[in-house]
Amino acid sequence: MNASLGAPTSLKSRLKQAMQARPAIWGRYWRAKQELKRLAMLRYFLHDIRHTYRFMFWPWAQREAWALSAELLFQYHKLEKGLVMPGTPRLFGLEPAASVMNLLDRWVRANLPRQDQVFLGAIETLRCYLARINERQLDPRQVIAPQLAQFLQRFDDVPAQAHLSTPYQPALPAEVSEDLLGTTFDALANVRRSVRDFKPDPVSSDVLAHAVSLAQLSPSACNRQPCAVILVDDPKKRKQLLDLQNGNKGFGHLAPHIAVITADERGFFDASERHEPYIDGGLFAMSLILALRAHGVGSCCLNWCVPPALDKAAHEVLGLHPARRIIMLIAVGYPQENGVVARSPRRSTSDILTHI
Ligand SMILES: Cc1cc2nc3c(=O)[nH]c(=O)nc-3n(C[C@H](O)[C@H](O)[C@H](O)COP(=O)(O)O)c2cc1C
């Protein structure tokens, strides 16, 4: 065989050639190879199981501040819901109210900050709950009201927080009508497109922080707000991260910021919630990219479909706690003047919308 013609000479290549010459053997070999590849995918599931087992179980995470604040949010959100529920007034929320008192106790014993919005929101909600019970005389047998009143006395030094109280009626600013809101949102949704060509100019920290604060208004399961953002501005770290991701070739390096969207697994109580980090993370990311666009900043989501080893490497680059799942990266920056984008046509709405 003439090696100069590029013919395969290694043992492996010769074996492969020999098998290709026998279709039955080649077919079996090919199928076995695909099955092995499929088996190798199990490592992704093992990685998920390990994470779910390790971090998504509140009884084991009791001492962690993040899990405590998630549980506090989770429990007092049940009271918030009771406070806005339509229907006949009745005594509600006995269990969550007891849990909130217990968690606030733990908060105080752990010396966690008393200016924290989660802590203040819990106290304010308990106050609203007690006020509702008293106003509507929901507790004639005094099952919870006296105990709650006594508990709240411990927080008499905490001023009333009208902006954290429930219920309230959300209202548009005077200058924004419902019509304007509709047309503005339509325009925003239509004009946002994935940007893959950026100016080198950095986006100001104020604009970025404002967009993140808007993304924080996204819904999350029981308002536990597991999402957080790391903005990577440092060119070396940006490159290290982008090198681990497979969808940014040719443009990722142009973005002056890479946002890493994370969701903390410790915010979830058990394996039934194992998908919540991705759901909450997706909603958060959507709000963030719309908010950025509304303020003139372009973005492109970058998938985080990486094998566990690369995920671990990214955690090391970022110094990130392993419970903080990376949901996706987002390339962020100002679009080039007169920049172009992919059309990315959508399916017709009638194909995806069904009324039952
Ligand atoms: C979760 C997710 C991951 C994505 N990953 C990539 C990526 O790795 N590289 C890329 O160029 N675009 C990526 N995109 C952008 C999509 O290609 C884009 O959103 C889609 O084609 C629709 O186009 P539009 O965003 O311009 O409306 C991603 C989008 C999402 C939501």
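## Largest pocket

Six elements, α4 (65-84), α6 (117-135), α8 (178-191), α9, β1 and α11, each give at least two residues to the lining of the largest pocket. This is a predicted model. The volume of the largest pocket is about 1600 Å³. Its lining has 47 residues, and the closest to the pocket centre are Ser213, Gln216, Leu217, Ser218 and Gln225.

Which element gives the largest share of the lining of the largest pocket? Helix α4 does, with 8 residues. By class, the pocket lining divides into 26 nonpolar, 17 polar and 4 charged residues.

## Largest cavity

The model has 1 cavity of 30 Å³ or more. The largest cavity holds about 40 Å³ of space. Its lining consists of Leu208, Ala211, Val212, Val229, Leu231, Ala259, Leu288, Leu292 and Val332. By class, that makes 9 nonpolar residues, with no polar and no charged ones.

Helix α9 (205-215), strand β1 and helix α11 each supply at least two residues of this cavity lining. The largest share comes from α9, with 3 residues.

Four strands form an open sheet in the order β1-β2-β4-β3, and the pairing is antiparallel. Strands β1 (227-232) and β3 (298-303) stand at the edges; each has a single partner strand, so one side of each has no neighbour in the sheet. On average, neighbouring strands are turned by 25 degrees against each other, direction ignored.

Strand β1 is joined to β2 (residues 257-264) by 6 bridges, and these two strands run antiparallel. Which residue of β2 is the bridge partner of Leu231? Ala259 is that partner. Leu231 and Ala259 are also among the residues that line the largest cavity.

Helix α11 (residues 276-294) packs on the sheet. This helix touches β1, β2, β3 and β4 (324-333). The direction of α11 makes about 15 degrees with that of β4.

## Helix against helix

Two packed helices are described by the angle between their axes and the distance between the axes. Helices α8 and α11 pack at about 100 degrees, with their axes 10 Å apart. Angles of 65 to 115 degrees count as roughly perpendicular, so α8 and α11 are roughly perpendicular to each other. On the α8 side, the contact uses Phe185, Leu188, Ala189 and Val191. On the α11 side, Leu290, Arg293 and Ala294 meet them. The contact of α8 with α11 has 6 nonpolar residues, no polar residues and 1 charged residue.

Helix α10 (residues 235-242) and helix α12 (residues 308-318) have axes that come within 10 Å and cross at roughly 170 degrees. Angles over 145 degrees count as roughly antiparallel, and α10 and α12 are therefore roughly antiparallel to each other. Lys237, Gln240 and Leu241 of α10 make the contact with Ala314, Val317 and Leu318 of α12. By class, the residues of this contact are 4 nonpolar, 1 polar and 1 charged.

## Backbone exceptions

Most residues other than glycine have a negative phi, and most peptide bonds are trans. Where is there a cis peptide bond? A cis bond joins Thr166 and Pro167, with omega about 0 degrees. Pro167 sits in the loop between α7 (145-153) and α8.

Asn223 is not a glycine, yet its phi is positive, at about 55 degrees. Asn223 lies in the loop between α9 and β1.

Conventions. Residues numbered from 1 in each chain as written. Predicted model: local features only at pLDDT ≥ 70, side-chain atom pairs only at ≥ 80, totals over all residues. Heavy atoms only, no water. Pairing = 2+ DSSP bridges. Axes fitted to C-alpha atoms, helices over the stretch in contact; angles between N-to-C directions. Contact = heavy atoms within 4.5 Å. 1 Å grid on protein atoms, 1.4 Å probe; cavity = no way out; pocket = protein on both sides within 12 Å on 5 of 7 lines; lining within 4 Å. Points joined across faces, edges and corners; volume = space filled by probe spheres on them. Nonpolar A, V, L, I, M, F, W, Y, C, P; charged D, E, K, R; others polar. Parallel < 35°, antiparallel > 145°, perpendicular 65-115°, else oblique.
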